[in-house]
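Here's a quick, friendly walk through a few spots in this protein. Take a look at the fold, then read on.

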Amino acid sequence: MGESEAMHPIVGYRDDKSDPENYICLFVDIPGLRKKVFGDKPANADIDLKIHNDRSFTITVVLHKKPKDETYAYTVKKLPNSITTAEKNYWKIKNKDEVQVFLHKASKGRWVSSVGSADLETATD
């Protein structure tokens, strides 16, 4: 599947439980995604988190399946507030079928009231 044929994942949001003032956590549902036995990396996928600017990012997951890989992509064009540079933003696999993306907020505060999938300007390439 080419990038222009990427499938739309299901996404949820919340302020991070351990550091809600500094991080927003996104839950990206990718059916068939498996976690390695040890650690927080995927067993059957490649994941790329690309920070475009302080209010825009894309996460792309290439799920390795037979006979053909499946590509999932999710882009947010305009977050409600700014995030920091790429070094402080990361992802991990915590549960089966789910990538958790942690975005570091440029200024402290809670976003839950201003973030929801209906509130964000999103796109899939």
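Let's start with a pair of strands: β4, covering residues 56–63, runs antiparallel to β5, and 7 bridges join the two. Bear in mind that this is a predicted model. To get from β4 to β5, the chain makes a hairpin through 6 residues.

Is Asn89 buried or exposed? Its relative accessible area is 7%, which is under the 20% cut-off, so Asn89 counts as buried.

| Side chain | Backbone atom reached | Distance |
|---|---|---|
| Asn89 | oxygen of Thr84 | 3.0 Å |
| Asn89 | nitrogen of His104 | 2.6 Å |

What else does Asn89 touch, leaving out residues up to four places away in sequence? Besides Thr84 and His104, the list has Leu49, Ile51, Ile83, Phe102 and Leu103.

Finally, hop over to strand β6, where you'll find Lys94. Not counting residues up to four places away in sequence, Lys94 touches Lys35 and Gln100. Another lysine to check is Lys41: it lies 53 residues from Lys94 along the chain, and the C-alpha atoms of the two are separated by 8.5 Å.

How values were computed. Residues are numbered from 1 along each chain as its sequence is written. This is a predicted model: local features need pLDDT of at least 70, side-chain atom pairs count only at pLDDT 80 or more; totals for chains, interfaces and linings use all residues. Side-chain values use heavy atoms; hydrogens and water are left out. Buried means under 20% relative accessible area, exposed over 50%, partly exposed in between (1.4 Å probe, protein chains only). A polar contact is a pair of N or O atoms within 3.5 Å; within protein, one must be able to donate a hydrogen and the other to accept it, and residues adjacent in sequence count only if both atoms are side-chain atoms. Contact means heavy atoms within 4.5 Å. Two strands pair if DSSP finds at least two bridges between them. Helices (H or I, at least four residues) and strands (E, at least two) are DSSP runs, numbered from the N terminus.
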